[in-house]
Structure formats: C-alpha cells, structure tokens
Amino acid sequence: MKKIATIDSFCDTEEKIKILMETITKLKDNGVDVMCISPNFLTLPESVIKKCDYVFYTKDNPILKWPVKSAVIWKTKFTDRGLIKMNYFTDDYHWAALYQVKKINQIALTFDYDIFYHVSYDLIVDDNVLNAINNNVVDTFYRFERAPDKRISLHFMCFSRNLI
C-alpha cells in the first residue's frame, strides 16, 4: 500500500518548525511519504523541504480579519445584576487551516497513493497513530491532544482514495 501524509502548516516560529520536523521524521521512519503545504509568505527551512517528498506553497491561504470574517469566542457569566455576555473577535485562522486541508488533499489525489493521512504539523505521533499506519486503517478520524497546548482536535484522519 502506498501511503502519504498531507500536512498543513502555518509554522511561523522556530518552535513550530521543530515540531513539524519531528512529525515529518516520525512519519517517514514508518514508511509514509510526506506532502506539506504552507502559505507562500512562510518559507520552510531547507531541512524541512529536503525531508518532505513534496512541498507546496500557496498564495491563496487567507487569514481573514474583521470585518470580512473573524472567529468569535464568548463567555457568559451570571451575576446578581443579571447576565453578562463577553465577546472576543480574533483573526479567522480556522478558515485558513480548513482551506489548506482542502487544497493539499486535492493536490494529493493527483498522485498514485492508496492511503492518505491528513495531519496537522503538531500531531503527536503516538502508538495510536503508528497502529493506524501499520495496520492500514482507512476512513477514520482520530481525536487527539495537540502539542504543545493540549487542546483536543481532529489532527489525524485516515482516508482511502475512494473517500476523498
């Protein structure tokens, strides 16, 4: 089975680059080819480029800002004086990330692979990930803690060619 991991990256710090390189190395060590995508204003280091099988830069990776689009975070608090709702608007990195996932998998489908793993650059490659890779698991979503902030996210998805 020919396998490829598609990695979306927005690696704008040395720490993120280091985590990306660790993820790529672990995938490559387990027989998985690697395709990485990055916005063109964030050039990946030569060491990362050489480790990947494919690297793509896109100029159409919008990080939308208010008032065009934004992510909203809110908190509601009940007080003795009534309900208080606080809103916080932030740049919509979620849309940019979703767009990268869509774009890199469209590109990957043009290559001859049987299994496609979509991962984020900061996936923790643990025994669950290695088990899925070694057992050719497909058409499954895994829920993982992200490094380094430990938020829960769908950062490991396994697809057969027919599903994507």
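1. Let me start in a loop. Asp139 sits in the loop that links helix 4 to strand 7. Keep in mind that this is a predicted model. The phi angle of Asp139 is near 55°, which is a positive value in a residue other than glycine. As for cover, Asp139 is partly exposed, with a relative accessible area of 39%.

2. Asn136 goes with it. This residue lies in the loop between helix 4 (127-134) and strand 7 (140-145), and its phi is near 55° too, again positive in a residue that is not glycine. Asn136 counts as partly exposed because its relative accessibility is 30%. If you're going through the backbone torsions, look at Asn136 and Asp139 together.

3. Now the overall layout. The protein chain has four helices and eight strands, and from the N terminus on the order reads β-α-β-α-β-β-β-α-β-α-β-β. Of its 164 residues, 38% count as buried. Among contacts with a separation of 6 or more, 57% join residues 24 or more positions apart. The accessible surface comes to about 9700 Å², and carbon and sulfur atoms hold 54% of that.

4. Helix 3 deserves a look. It covers residues 93-108, 16 residues in total, and spans 22 Å from first C-alpha to last, close to the 22 Å expected at 1.5 Å a residue. Which of its residues are buried? They are Ala96, Tyr99, Gln100, Ile104, Asn105, Ile107 and Ala108. An α-helix has 3.6 residues a turn, so residues three or four places apart point the same way. Have that in mind when you read the buried set, which includes Ala96, Tyr99 and Gln100. The cover over the buried residues of helix 3 includes strand 1 (3-8), strand 2 (33-39), strand 3 (54-58) and strand 6 (115-120).

5. Thr58 is buried, because its relative accessibility is 10% and the cut-off is under 20%. Leaving aside residues up to four places away in sequence, Thr58 touches Ile37, Ser38, Pro39, Asn40 and Lys103.

6. On to the cysteines. How many disulfides are there? The count is zero. For Cys11, the closest cysteine sulfur is that of Cys36 at 6.8 Å, so the pair is too far apart for a bond; the cut-off is 2.5 Å. Cys36 is in no disulfide either, and its nearest cysteine sulfur, in Cys52, is 4.9 Å away. Is Cys36 buried or exposed? Cys36 is buried, with a relative accessible area of 0%. Cys11 is buried as well, with a relative accessible area of 6%.

7. Last, the surface. Trp66, Val72, Trp74 and Phe89 make up a nonpolar patch there, and together they have about 490 Å² of accessible area. Phe89 is part of strand 5, residues 82-90.

Methods
Residues are numbered from 1 along each chain as its sequence is written. This is a predicted model: local features need pLDDT of at least 70, side-chain atom pairs count only at pLDDT 80 or more; totals for chains, interfaces and linings use all residues. Side-chain values use heavy atoms; hydrogens and water are left out. Helices (H or I, at least four residues) and strands (E, at least two) are DSSP runs, numbered from the N terminus. The expected span of a helix is 1.5 Å times one less than its number of residues. Buried means under 20% relative accessible area, exposed over 50%, partly exposed in between (1.4 Å probe, protein chains only). Contact means heavy atoms within 4.5 Å. Patches are made of residues with over 30% relative accessible area and no salt bridge: like charges are joined within 9 Å, nonpolar side chains (Val, Leu, Ile, Met, Phe, Trp, Tyr) within 5 Å. Accessible areas come from the Shrake-Rupley method with a 1.4 Å probe; for residues, only the protein chains shown count as cover. A salt bridge is a side-chain nitrogen of Lys or Arg within 4 Å of a carboxyl oxygen of Asp or Glu.
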